[in-house]
Amino acid sequence: MKKYITPGLILILAGLYFLVDALPGVDLPGSVFFLAVGLALLIARLTTGRYGLSIAGFVVFCLGAGWSAMELLKLPGMYGIVATLLSLALAFLLIHICEYRRIGHWPLLPALILLVFGVLFFLVLTPEINEILRPKGIPFEEVTSLEESMPKLDILYMTRVQKERFFNEEDYI
């Protein structure tokens, strides 16, 4: 009888979500559904003892959390990829932390790969940050001379363009 708890719990949560969402004047974000299903899978893991449910539960829950962060912070399109990659990295890290005794170290590899790709995507999108900061009135300054600005810095973010990556001198300059 216990093996039917998980699908039943997920169907009940899905039904409640769609019922509440159908009420007049109520507009639930889509991420709430993923958060609820992920939570249901994690509860089912605790009640049944099947560690496979925690893998699915953490992945679905963290995807919902990443989606919620995108909606709350109103992140532009491409930053959704960064939020998704980082939330999946968090999911695999949580799987490793909670299920280490049963499954070993394997979740660390996908967590590390997703984290690296998330950070790389963020660094590629960094030039778009000034289009985000400027309308919100957040002060920032782009400089070409590091020595002049060092005394007034709290945080320094610097990129370097490698000359050897360019085929001709005109593209580098």
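Student: Which residue forms a salt bridge with Arg45, and how far apart are the closest N and O atoms?
Tutor: Glu99 does, with the closest N and O atoms 2.8 Å apart. Keep in mind that this is a predicted model.

Student: Where in the chain do Glu99 and Arg45 sit?
Tutor: Glu99 is in helix H4, and Arg45 is in helix H2, residues 30–48. The pair links distant parts of the chain, 54 residues apart.

Student: Is Glu99 buried or exposed?
Tutor: Glu99 is buried, with a relative accessible area of 4%. Arg45 has a relative accessible area of 15%, and it counts as buried because that is under 20%.

Student: How many salt bridges does a search of the whole structure find?
Tutor: The search finds one.

Student: Back to H4. Where is the kink centred?
Tutor: On Ile97, and the kink is about 55 degrees. Just after H4, Gly104 takes a positive phi of about 80 degrees.

Student: Now the largest nonpolar core. Which members touch the most others?
Tutor: The core has 13 residues, and those touching the most other members are Phe58, Val59, Leu88, Ala91, Phe92, Ile95 and Leu114.

Student: Which elements give two or more residues to this core?
Tutor: Helices H3 (51–73), H4 (79–103) and H5 (108–125). H4 gives the most, with seven residues.

Student: What is Ile95 in contact with, leaving aside neighbours within four places in sequence?
Tutor: Its contacts beyond that range are Ser54, Ile55, Phe58, Val59, Tyr100, Ile103 and Pro107.

Student: Switching to rings. How many aromatic pairs are there?
Tutor: The count comes to three. One of them is Phe33 with Phe34: the ring centres are 6.2 Å apart and the planes are at 75 degrees, so that pair is edge-to-face.

Student: And how is the pair of Phe34 and Trp67 arranged?
Tutor: That pair is tilted, at 5.4 Å centre to centre with 55 degrees between the planes. Phe34 is in helix H2 and Trp67 in helix H3, 33 residues apart, so the pair links distant parts of the chain.

Student: What are the relative accessible areas of Phe34 and Trp67?
Tutor: Phe34 has 33% and Trp67 has 31%. Each is partly exposed. Phe33, at 23%, also counts as partly exposed.

Student: Which residues form one aromatic cluster?
Tutor: Phe33, Phe34 and Trp67.

Terms used:
Residues numbered from 1 in each chain as written. Predicted model: local features only at pLDDT ≥ 70, side-chain atom pairs only at ≥ 80, totals over all residues. Heavy atoms only, no water. Core = buried A, V, L, I, M, F, W, Y, C linked by side-chain atoms within 4.5 Å. Buried < 20%, exposed > 50% of the residue type's maximum accessible area, 1.4 Å probe, protein only. Helix = DSSP H or I, 4+ residues; strand = E, 2+ residues; numbered from the N terminus. Contact = heavy atoms within 4.5 Å. Bend = angle between axes of the 7 residues up to and from the residue. Salt bridge = Lys/Arg side-chain N within 4 Å of Asp/Glu carboxyl O. Phe/Tyr/Trp six-rings, centres within 6.5 Å; stacked < 30°, edge-to-face > 60°.
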